[in-house]
Amino acid sequence: MPRPSAPDAEPLSPRSRSDAPVVLEDPRPLPPERLRPLLRACLRLFLAAAWTLGCMPVQSVLLVLPGRGKRRFARLFHRVLCRLIGLRVRVVGQASPAAPTLFISNHASWLDILVLGSVLEAAFVSKAQVAGWPVIRTVARLGRTVFVSRSRGRTGQEAAAMRDRLAEGGSLILFPEGTSNDGNRVLPFRSAFLSLAEAASAVQPVSVAYDRLGGLPARRRDRVFFAWYGDMEIGSHFWRLAQLPSGGVTVLLHEPVAPGASADRKALTAAVEQTVAAGAAALRQHREPSPGLTRAVPLASRRNRRS
């Protein structure tokens, strides 16, 4: 007896042949509002890379030559780089003329390096992990960055390296928070970072706030675009940032204070932290800061005033 023929099977749908979704390419070109940010990011990336590669051999030569040329060129490098990536820097106040000066600043992003480097003739104190990042480590070393691991076994050696830099007359920039944040606050300062204060001629608090985006005052949610913290990758963060319209940042240079003006290191740390936090808060609220109100007052002077 002949076997009954199987009924005609229905053709399998694309989804039944594979679990992967079907992605149909859209032949239409990207609209201008989506294409413009990508072109802007590509141009900024190209210009920043070309400028950096062109400056490397120049700074390499200046490092072996005497004089302030290496410091001045580093400042020029950072200043031009800020403009190339669409970041305009506004400075309020005067940098300390004393040499060396220990600049103490809040920290919200890797952009702080470019911003402060464009304003101050000083080297940075950075965590040791940066020394392992490709390209960035080369730029950091050309900028005479001092790397610290914060491990107990090397604390004395690293502190000696920073003291030697100050003894040579070179100023340093410190971020006493120890890490970056979302840009809407200032974390507590660690007094251990100010153990170098006695080796400096002056200590100058610095407040940094990213307060403009696309020509308009930046709001709380806008500052997150500039901030770099947690497990963010610097490459993807730069790519997102480069697509945005031009941004703005204000650097507030408070009046410098003498390292020995406070009773001890903890008192100096508290005074500087209060000054930096008050200045950053005023900038975030788009209030023009007054040097008289944001000045770091030594703790000893406050006790005399109360009595």
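Predicted model: local features only at pLDDT ≥ 70, side-chain atom pairs only at ≥ 80, totals over all residues.
Me: Which residues make the nonpolar surface patch of about 410 Å²?
Reply: Patch residues have over 30% relative accessible area and no salt bridge; like charges are joined within 9 Å, and nonpolar side chains (Val, Leu, Ile, Met, Phe, Trp, Tyr) within 5 Å. Accessible areas come from the Shrake-Rupley method with a 1.4 Å probe, and for residues only the protein chains shown count as cover. The patch is made by L35, L38, L39, L45 and W239.

Me: What does L35 count as at 35% relative accessibility?
Reply: L35 has its place in helix α2. Buried means under 20% relative accessible area and exposed over 50%, with partly exposed in between (1.4 Å probe, protein chains only). At 35%, L35 therefore counts as partly exposed.

Me: How many of the residues of the protein chain, in percent, count as buried?
Reply: Residues are numbered from 1 along each chain as its sequence is written. Local features need pLDDT of at least 70 and side-chain atom pairs pLDDT 80 or more, while totals for chains, interfaces and linings use all residues, and side-chain values use heavy atoms, with hydrogens and water left out. The chain holds ten helices and eight strands. Of its 307 residues, the buried share is 43%.

Me: Which residues of α3 are buried?
Reply: Helix α3 has 16 residues (69–84) and reaches 22 Å from its first C-alpha to its last, close to the 22 Å expected at 1.5 Å a residue. That expected span is 1.5 Å times one less than the number of residues. After α3 comes G86, with a positive phi near 85°. The buried residues of α3 are K70, F73, A74, F77, H78, L81 and C82.

Me: How many salt bridges does a search of the whole structure find?
Reply: Side chains of opposite charge can pair when their charged atoms come close. A salt bridge is a side-chain nitrogen of Lys or Arg within 4 Å of a carboxyl oxygen of Asp or Glu. The search of the whole structure finds five.

Me: How many residues apart in sequence are the parts that R144 and E168 tie together?
Reply: The side chains of R144 and E168 meet in a salt bridge (3.9 Å, N to O). R144 lies in the loop between α5 (136–142) and β4 (146–148), and E168 in the loop between α6 (155–167) and β5 (171–174), so the separation in sequence is 24 residues.

Me: Which helix holds R163?
Reply: The side chains of E198 and R163 meet in a salt bridge (3.5 Å, N to O). This pair links distant parts of the chain, 35 residues apart: E198 is in the loop between β5 and β6 (202–213), while R163 is in helix α6.

Me: How many disulfides are there?
Reply: A disulfide is a pair of cysteine sulfur atoms within 2.5 Å. Among the cysteines, C55 is buried at a relative accessible area of 6%, and C82 is buried at 1%. By the distance rule, the count of disulfides is zero.

Note on methods
Helix = DSSP H or I, 4+ residues; strand = E, 2+ residues; numbered from the N terminus.
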